[in-house]
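User: I would like to learn how to read the charged contacts and the backbone features of a model. Please take me through them step by step.

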Amino acid sequence: AEKESDDPYMALSDFIAPASSGVKDYLGMFACSSGFGLEDVIEECRANHDDYGIIMAEALADRLAESIAEILHQRVRKDLWGYASDESLSLDDLLKVKYHGIRPAPGYPSQPDHTEKLAMWDIMQVEAKTNVKLTESLAMLPAASVSGLYFGGKGSQYFSVGKICKDQLSDYAVRKKMDIKECEKWLSHSLNYEP
C-alpha cells in the first residue's frame, strides 16, 4: 500500500546479505519460555481466591520470558556471532535498543505472518527440544514464551509492514505456496481490503 511519508519501504530480507554478495552474514532463530509450571501456581492461587497472585504470576512469567530473550540476544551479539564483543550497554540503553541488530517476532509489525512460526518450529525442532508447543492459532504454549529471528546487521531496524494490498497478498501466497484464502485468514489484520 502507498505510504503517507517518504520513509523507505522495508522488508526483513533487506537486513541479510545475499549469498551472491560474498559477505559473511547470519540469520538466527530462537524460542524460549519461562512458563513451565505456571499453571500449577495459577491453580493454587485460584484455589485460594488470589486473583492478584494470578495476575502477578502471569506478569512475572511474561517478563522472565522477555528477559531470557534479551539475554540470549546479548549472548548472540557478544559471544556467539561476536559482532559486538565489546558491547557494554546500560540497562537503560538495552531497553532503548541501542545495540546493533534486531529480533523481530512472527505476528509483530515487521513480520505479521504467524505461520512463519511453523518453519521456525520445524527447523529448530522447538517442540521436541523445549516442549514449547504451537496451538491451532499458532499461539505458543506455555503462554509465557517468546520466539523470533536474529538479524545482526548495523542497518537492521524495526519497522511496520503496513497494510497489504490484494496484489501484494497474491504474490506472497504464490511465494509461500499457500492458498490465497489461507493467507488472507492469517494476515486479515494487515489487509487494506475486505476478503
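Predicted model: local features only at pLDDT ≥ 70, side-chain atom pairs only at ≥ 80, totals over all residues.

User: Which residue forms a salt bridge with K176?

Analyst: The partner is E116, and the closest N and O atoms of the two are 2.5 Å apart. K176 is partly exposed at 23% relative accessibility, and E116 is partly exposed at 25%.

User: Where do D171 and R175 lie?

Analyst: Both are in helix α6, four residues apart, which is about one turn of the helix. D171 is partly exposed, with 41% relative accessibility, whereas R175 is exposed at 56%. Salt bridges can also share partners, and in this way D113, E116 and K176 are joined into one network.

User: Is E184 buried or exposed?

Analyst: The cut-off for a buried residue is a relative accessible area under 20%. E184 has 4% relative accessibility, so this residue counts as buried. E184 lies in helix α7 (residues 180-186), and its side chain is joined to that of Y193 by a polar contact of 2.7 Å. E70, in helix α2, counts as buried because its relative accessibility is 19%. The side chain of E70 makes a polar contact of 3.1 Å with the side chain of R103.

User: Which residues form the negative surface patch?

Analyst: A patch of this kind is made of residues that have over 30% relative accessible area and no salt bridge, with like charges joined within 9 Å. In this model, E39, D40, E44, E58, D62 and E66 form a negative patch. Helices α1 (38-47) and α2 (51-80) each supply at least two residues of the patch. D40, found in helix α1, is exposed, with a relative accessible area of 59%.

User: What is the phi of Q125?

Analyst: As background, most residues other than glycine have a negative phi, and most peptide bonds are trans. Phi of Q125 is near 55 degrees, a positive value in a residue other than glycine. Q125 is in the loop between α4 (116-124) and α5 (126-130), and is partly exposed at 44% relative accessibility. N131 likewise has a positive phi, near 70 degrees. The loop that holds N131 runs between α5 and β2 (133-134), and N131 is partly exposed at 41% relative accessibility.

User: Which peptide bond is cis?

Analyst: The peptide bond from L141 to P142 is cis, with omega near 0 degrees. P142 is placed in the loop between β3 (140-141) and β4 (145-151).

User: How far apart are Y83 and K154 in sequence and in space?

Analyst: Sequence separation and spatial distance are read side by side. Y83 and K154 are 71 residues apart in sequence, while their C-alpha atoms are 9.6 Å apart in space. Y83 lies in the loop between α2 and α3 (91-95) and is partly exposed, with a relative accessible area of 30%.

Terms used
Residues numbered from 1 in each chain as written. Heavy atoms only, no water. Patch = residues over 30% accessible without salt bridge, like charges linked within 9 Å, V, L, I, M, F, W, Y side chains within 5 Å. Areas by Shrake-Rupley, 256 points an atom, 1.4 Å probe, with all protein chains shown as cover. Salt bridge = Lys/Arg side-chain N within 4 Å of Asp/Glu carboxyl O. Lys, Arg positive; Asp, Glu negative; His and termini not counted. Charge placed at Lys NZ, Arg CZ, Asp CG, Glu CD. Buried < 20%, exposed > 50% of the residue type's maximum accessible area, 1.4 Å probe, protein only. Polar contact = N/O pair within 3.5 Å; in protein donor to acceptor, adjacent residues only side chain to side chain.
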